[in-house]
Amino acid sequence: MVLQAGQKSSPHSDQALAELCQTYWYPLYAYVRRQGKTKEDAEDLVQAFFARFLERNYLEGLAVERGKFRAFLPASLKNFLANEWDRSQRQKRGGGVEHLSLNWQDADDRFQLDPPDPASPDRTFDREWAMALLERVVGRLREECVTDGKARLFEQAKGFLMVGQEVIPYAHAAAELGIDEGAVRVAVHRLRKRYRELLRDEIAQTLDDPAQVAEELRSLQVALAG
Amino acid sequence: MLLGLVVNDYKPMSTPVNEPKPCPSCGCALPAGALAGLCPACLLAQGAQTDPGGPTDAPRFVPPPVEVIAKLFPQLEILGLLGAGGMGAVYKARQPALDRMVALKVLPAGGSNAANFAERFNREARALARLSHPNIVAVHEFGQVEGLHFFLMEFVDGTNLRQLEQAERLSPRVALQLIPQICDALQYAHDEGVVHRDIKPENVLVDRKGRVKIADFGLAKILGRDPEAQRLTVEGQVMGTPHYMAPEQVEHPLSVDHRADIYSLGVVFYEMLTGDLPIGKFSPPSRKVQVDVRFDEIVLRALENDPARRYQHASEVKSQVATVAGTSTTEVPRPTAQADSQSARAIGWKQPILEWFTAFGLFVLGFSFLSKGMGGLLMGWLGVTGWPGGVVRVVIFGLLITAGIRRAMSSLTVAVKLSTPGGTAIIPAKPRWWLSRPVRLTWLILMAAVLSVTLDRRVDMWRKNQTMQLRMAEFERLAHEQPDVPSDLLDAKAHLAELLVTFGPEHPSVQELRARIAELERMGREEPKIPADLREAKARLAELLVTFGPEHPSVQAMRARIAELERLSREEPKAPSDLREALAHLAELRVNFGEEHPDVQRTQARVRALQQMIRREPMESENSPEALARRVRLVEQQRLALSAQLRVEKAHFAELRVTHGEQDPEVQQQLLLIKRLEDKLLEL
């Protein structure tokens with residue numbers, strides 16, 4: 001997806017970029033908020049950043065750069081913050097007065113609801129990135145299940161995705177779903193397998209070299225643990 | 001607009017949870033947001049695990065160590081592991097009995113359905129062993145040793161297309177050199193009923209002579225898995241991307257036929273031309289790189305989603321490519337004999353360097369012929385002078401430069417040199433613009449031009465020294481032999497000796513000089529008392545007559561000068577020399593330009609001023625005491641100036657002798673200069 005988005009303006013790449021924004025907007029937003037910008041500023045900024053992203057064909061560069069999108073995105077944003085955003089703001093407001101946000105009550109709900117995080121903006125970003133990625137994976141898995149008519153199974157079994165195989169209460173789930181335990185075992189196994197596939201696929205799409213998936217997975221685990 | 005919508009429409013995928021619940025598994029607080037009750041850390045931890053007991057998961061394939069393989073194959077000398085992946089491991093080996101290098105491919109074990117696998121392996125391997133084509137890696141032997149299935153194959157000394165592409169962007173020329181060979185291999189295999197199923201750059205080997213060898217024919221079928229499954233399941237042994245697979249390979253794996261290979265060929269072709277994969281909505285090759293538009297059609301047709309709309313045979317792709325390449329007007333290449341010889345020539349590094357130097361030498365020689373100094377010298381050696389010499393020089397220049405460019409073009413082929421476990425392969429490739437052939441050719445020619453200009457100046461100086469010394473020696477010899485001959489005649493004769501050496505007897509300058517000498521000799525006999533300026537004018541007239549004939553304006557002007565000088569000698573013998581010169585010059589200018597010309601006006605003014613001065617203060621007598629005193633003062637000043645100069649020149653001489661050596665022409669010249677200064681000082 002990232003690499004597709006990097007290909008120059010085709011309907012396909014536009015769509016890929018739209019998906020990209022959908023998925024990774026929030027990590028960037030949280031990152032910017034953590035840097036002390038107001039809600040409105042952060043929204044404007046992230047939007048302007050993505051706009052500049054398209055204009056400059058940052059992603060086209062990425063295809064050659066052989067890097068991780070997760071590392072590339074905040075680096076570009078930092079660069080954007082340091083150079084272009086401040087300049088444009090200065091022009092708009094006249095004078096580079098530091099615009100400190102003191103009114104935290106205005107900040108959006110989700111940001112407030114996240115556990116208060118003393119970590120650096122970078123660590124926040126990685127955390128949020130991992131969450132956004134998981135959201136997307138789970139979202140895709142749910143969609144696939146809904147398409148296959150297994151919406152109920154998904155809702156029942158999604159919790160099993162985060163526990164080891166050995167502790168899954170198959171009998172209980174079988175009773176809930178009203179099917180036989182063997183079938184539940186197979187279905188859960190498939191769901192878990194598909195989840196892993198989608199997870200790796202989604203990660204692979206943010207990497208230029210699919211061989212780095214395992215490494216990236218470990219980095220994400222570290223990000224969530226810390 | 002798109003962006004505005006995207007970001008503004010963004011909403012968290014579910015409503016925020018008001019009080020965070022702890023994760024039942026790890027006890028952490030569950031986050032708000034779309035994960036809705038799922039703990040991200042635990043999710044990721046589970047996702048990171050590989051399922052050990054999955055029914056379709058391939059076990060991780062660990063290539064057996066070299067020692068193990070060596071024990072299993074005592075008839076081979078195992079030289080090392082060439083590579084490993086989900087499709088097995090390849091070892092480089094030597095068959096001592098046949099004294100040949102071979103590649104030993106060991107397949108991953110078949111897993112639970114081993115019997116099934118063995119059966120399929122034997123059936124397919126037999127089909128593969130039957131394939132015998134110069135562009136297909138030959139299977140020498142296959143079998144099973146202690147449960148390990150293996151192929152003994154031809155060893156290809158070279159690299160694969162993926163490595164080539166990674167080393168440097170391939171030029172369309174290289175692509176068009178490789179594609180027909182891939183087509184040949186595919187067509188042959190398809191005729192034999194074998195489908196490759198996994199054509200990708202990793203499987204297209206290129207040997208050191210630029211020949212394509214396709215590896216792993218039908219292996220995908222033996223292993224019974226599609227590469228996509230491998231990509232997702234075998235951690236750490238990624239087989240690459242599924243981008244080379246035809247859509248039907250993913251959608252209906254059971255109905256795959258040879259046309260899937262044609263799709264993969266299309267992907268490989270597209271990637272070779274553009275450096276990118278044809279993913280999503282991709283632009284045709286000619287939009288991305290400079291290739292013939294007709295290649296777009298070939299590539300796009302090979303990439304049709306519906307097998308029925310693709311080329312039905314690999315040979316069709318080949319003939320289409322050949323047709324387009326054969327009539328192509330763009331930079332693109334003829335993939336045939338010429339390209340082959342080109343690649344053959346680029347192999348090895350000595351040849352290109354030799355050619356580069358040859359080209360450089362040819363350029364230098366070419367420019368030398370064009371330049372005056374060296375060219376004249378070379379033509380002197382060749383014995384051609386005058387205007388034919390000029391023509392010959394230009395022709396030789398053209399021939400040498402053309403030959404140089406041809407040499408240079410072949411030497412400037414950028415070759416990718418790759419180190420592979422099997423040695424190094426050198427393949428011509430498309431360089432970056434600043435390494436492109438026109439740019440480097442320009443540099444080469446510029447360098448040659450600069451070098452030849454420098455050389456030319458050196459040669460010119462050397463020649464001038466030579467001829468100068470010759471002329472001086474001749475003058476001294478003549479002066480010694482014929483002490484009573486006037487010095488202008490002596491100089492003319494010495495000059496003639498010099499010109500004869502430089503240009504030969506037929507040169508116009510030599511003819512001119514002969515006429516001058518004849519005239520000087522005639523005047524010496526017939527008009528011994530003639531004033532020096534008149535004498536010079538008559539000698540010059542004789543020269544002009546040879547060059548231009550009697551009607552030429554220069555000749556007319558010289559005649560006018562002579563007439564004026566003669567009149568002055570007759571009528572105004574007392575006229576001072578400056579006035580005399582001004583009047584003679586005026587007469588000359590009048591003939592040349594007419595009365596109105598500014599030069600004429602200016603000279604007239606000069607004449608008038610001189611005449612006025614003479615009327616006002618006639619020249620003082622040369623013997624007046626004031627004049628004598630002034631002359632003594634003048635001589636004294638001159639002597640002082642001269643001795644000062646002499647000191648400077650002597651010091652310079654001492655310096656030169658150290659830096660240049662006793663025999664250097666410059667040193668000799670300096671010595672002459674010093675002698676002349678000393679003579680002058682003595683005279684004073």
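By the rule applied here, four cavities of 30 Å³ or more are counted in this predicted model, a cavity being a set of points, on a 1 Å grid over the protein atoms alone, where a 1.4 Å probe fits but cannot get out. The second largest cavity holds about 100 Å³ of space, where a volume is the space filled by probe spheres set on the grid points, which are joined across faces, edges and corners. Its lining consists of 13 residues, and B:Leu128, B:Val139, B:Met153, B:Asp216 and B:Phe217 are the closest to its centre; a lining residue is one with an atom within 4 Å of a point. By class, this lining has 11 nonpolar, no polar and two charged residues, with Ala, Val, Leu, Ile, Met, Phe, Trp, Tyr, Cys and Pro counted as nonpolar, Asp, Glu, Lys and Arg as charged, and the others, Gly among them, as polar.

Some conventions apply throughout. Residues are numbered from 1 along each chain as its sequence is written, while chains are lettered from A and ligands numbered from 1 in the order in which they are written. Since the model is predicted, local features need pLDDT of at least 70 and side-chain atom pairs count only at pLDDT 80 or more, whereas totals for chains, interfaces and linings use all residues, and side-chain values use heavy atoms, with hydrogens and water left out.

From the cavities one can turn to the pockets, a pocket being an open set of points with protein on both sides within 12 Å along at least five of seven lines. The second largest pocket has a volume of about 780 Å³, and 30 residues line it, with B:Gly376, B:Leu377, B:Arg463, B:Thr502 and B:Phe503 lying nearest its centre. In chain B, helix 16 (372-382), helix 17 (386-411), helix 18 (437-481) and helix 19 (487-503) each contribute at least two residues to this lining; helices (H or I, at least four residues) and strands (E, at least two) are DSSP runs, numbered from the N terminus. The lining of the second largest pocket comprises 11 nonpolar, 13 polar and six charged residues.

Helix 17 of chain B also holds B:Val391, which is partly exposed at a relative accessible area of 45%, where buried means under 20%, exposed over 50% and partly exposed in between, with a 1.4 Å probe and protein chains only. Together with B:Trp387, B:Val395 and B:Leu399, B:Val391 forms a nonpolar patch on the surface with about 470 Å² of accessible area. Such patches are made of residues with over 30% relative accessible area and no salt bridge, nonpolar side chains (Val, Leu, Ile, Met, Phe, Trp, Tyr) being joined within 5 Å and like charges within 9 Å, and the areas come from the Shrake-Rupley method with a 1.4 Å probe.

Charged side chains make up the next part of the picture. Side chains of opposite charge can pair when their charged atoms come close. Over all chains, the structure holds 44 salt bridges, each a side-chain nitrogen of Lys or Arg within 4 Å of a carboxyl oxygen of Asp or Glu. One of them joins B:Asp533 to B:Arg580, with the closest N and O atoms 2.7 Å apart. This pair links distant parts of the chain, 47 residues apart, with B:Asp533 in helix 21 (residues 532-548) and B:Arg580 in helix 23 of chain B. B:Asp533 is partly exposed at 25% relative accessibility, whereas B:Arg580 is buried at 11%. Another salt bridge, between B:Asp207 and B:Arg211, has an N to O distance of 3.0 Å; here B:Asp207 is buried at 7% relative accessibility, and B:Arg211 is partly exposed at 40%.

Helix 23 (residues 577-593) of chain B contains B:Leu583 as well, a residue that is buried at 10% relative accessibility. B:Leu583 and B:Val607 are 24 residues apart in sequence, and their C-alpha atoms are 6.6 Å apart in space.

Two residues of chain B call for a look at the backbone. B:Asp99, in the loop between strand 2 (88-95) and strand 3 (100-106), has a positive phi near 50° although it is not glycine, and it is exposed at 57% relative accessibility. B:Arg197, likewise not a glycine, has a positive phi of about 75° and lies in the loop between helix 6 (172-191) and strand 7 (204-207).

Chain A, finally, has 11 helices and zero strands, and buried residues make up 50% of its 226 residues.
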